[in-house]
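Visitor: Could you walk me through this one? I'd like to ask things as they come up.

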Amino acid sequence: KQNFGGNPGKITLFGESAGAMSIGLHMHMNGVGHLFQSVIMQSNPLGYKFRDIEIADFLGQAVKTGLDCMDLKCMKNEPATEIIHQQQKLLGVPRSVGDFFTWGPTTAGKKYHKQIMRDVGIKNLSAINITQPFGMWDSFTSVTEVPLIVGINSNEGEMFVHGAFPIMMHKYVYWGFVMALFKKSAPKVLNQYGYHADQCKVSGDYRPVMSMIIHDYLFRCPLLKIVQTLQDRRILKKDSLNLPIYVYEFSHPTSVPDFPICSGIACHTAELPYVFEQIEEIGKYFTASKKVDGTASLADIKVSQTLAEYWVSFAKNHDPNFSNNTLYWPNWLGQDALIKKDYKEINHDFLIS
């Protein structure tokens, strides 16, 4: 209130990807309902498994060894390019879905709990996260719930798979990768996506089906599971109207700089310039329908304006629907929501019609 004006009793946290992960963690802390009253999570990789602190320490030590530095003072004197180089050397071939991210949240065992509590002076054990994301959401009963917008883009997996495999993925690499990621469950995964893998035989490149698997495993399936769990709980508490959940899929064709594979689809991060109505930037870098003069198309402008209005209206009223919007965005209604399509598909075809 002091710096920005507005109502300090109506604060909305919103973020994308790692930002959405952070907000997800905030929803399990004491500030929910007090320091903020509603939440927007964009493309939260809810299927991400936090590393344990031993592996995190190992990765940190590997970077320090590569830099020939054993303390922070030394690392601060290293060029940023060298630090990035050492970080990239850690990736290699991912052995788990979490390996797509060099750094991330970690879980801590009781040994580290006691150490942190002693060193930092934290008395409340719950202030230190020890649980995987799904475990936290399942224990949501003890936490104050708030109105929520949550969603994903239509093609979340491409950026991660093509970043890890910049050249084509042959069939045996695909099989090996699925085995490494899913271990005992790998045969079921290969069988589930068998039809889509067959579509890759002609090109010999299995990155398209691998992208689908990462999209489903890291983003789509855990999103549906969690919103279903939350809404079922809210219905039981008769709070589904007071604490609505609005679910979306951003499917507008876009482009993402430095990722040719993302041209004409909706990759991870693609919605960001549209949320912030960066019309000039969209025209230069993010539109999939470039005009001769380099400006955004009418479809891009309409999508951006509508998306921004949804976000602002939700922050003000805990309801994304605004006075002159052409398409009503319904509250997520639980198990039948996918059949009834009680989620918002944000796409130029829907909005212009």
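Visitor: Is Cys267 buried or exposed?

Guide: In this predicted model, Cys267 has a relative accessible area of 0%, so it counts as buried, the cut-off being under 20%.

Visitor: And what is Cys267 joined to?

Guide: Cys267 forms a disulfide with Cys262, and their sulfur atoms lie 2.1 Å apart. Cys262 is also buried, with a relative accessible area of 0%, and the link of the two is left-handed, with -90° about the S-S bond.

Visitor: How many disulfides does a search of the whole structure find?

Guide: The search finds two, and besides the link already described there is a disulfide between Cys69 and Cys74, with an S to S distance of 1.9 Å. That link of Cys69 and Cys74 is left-handed, with -60° about the S-S bond.

Visitor: Changing topic, what span should helix 14 have?

Guide: Helix 14 covers residues 298-317, and at 1.5 Å a residue its 20 residues should span 28 Å, which agrees with the 28 Å between its end C-alpha atoms.

Visitor: Which residues in helix 14 are buried?

Guide: Among them are Ala299, Val303, Leu307, Tyr310, Trp311 and Phe314.

Visitor: What follows helix 14?

Guide: His318 follows helix 14, and the phi of His318 is positive, near 60°.

Definitions and conventions: Residues are numbered from 1 along each chain as its sequence is written. This is a predicted model: local features need pLDDT of at least 70, side-chain atom pairs count only at pLDDT 80 or more; totals for chains, interfaces and linings use all residues. Side-chain values use heavy atoms; hydrogens and water are left out. Helices (H or I, at least four residues) and strands (E, at least two) are DSSP runs, numbered from the N terminus. The expected span of a helix is 1.5 Å times one less than its number of residues. Buried means under 20% relative accessible area, exposed over 50%, partly exposed in between (1.4 Å probe, protein chains only). A disulfide is a pair of cysteine sulfur atoms within 2.5 Å.
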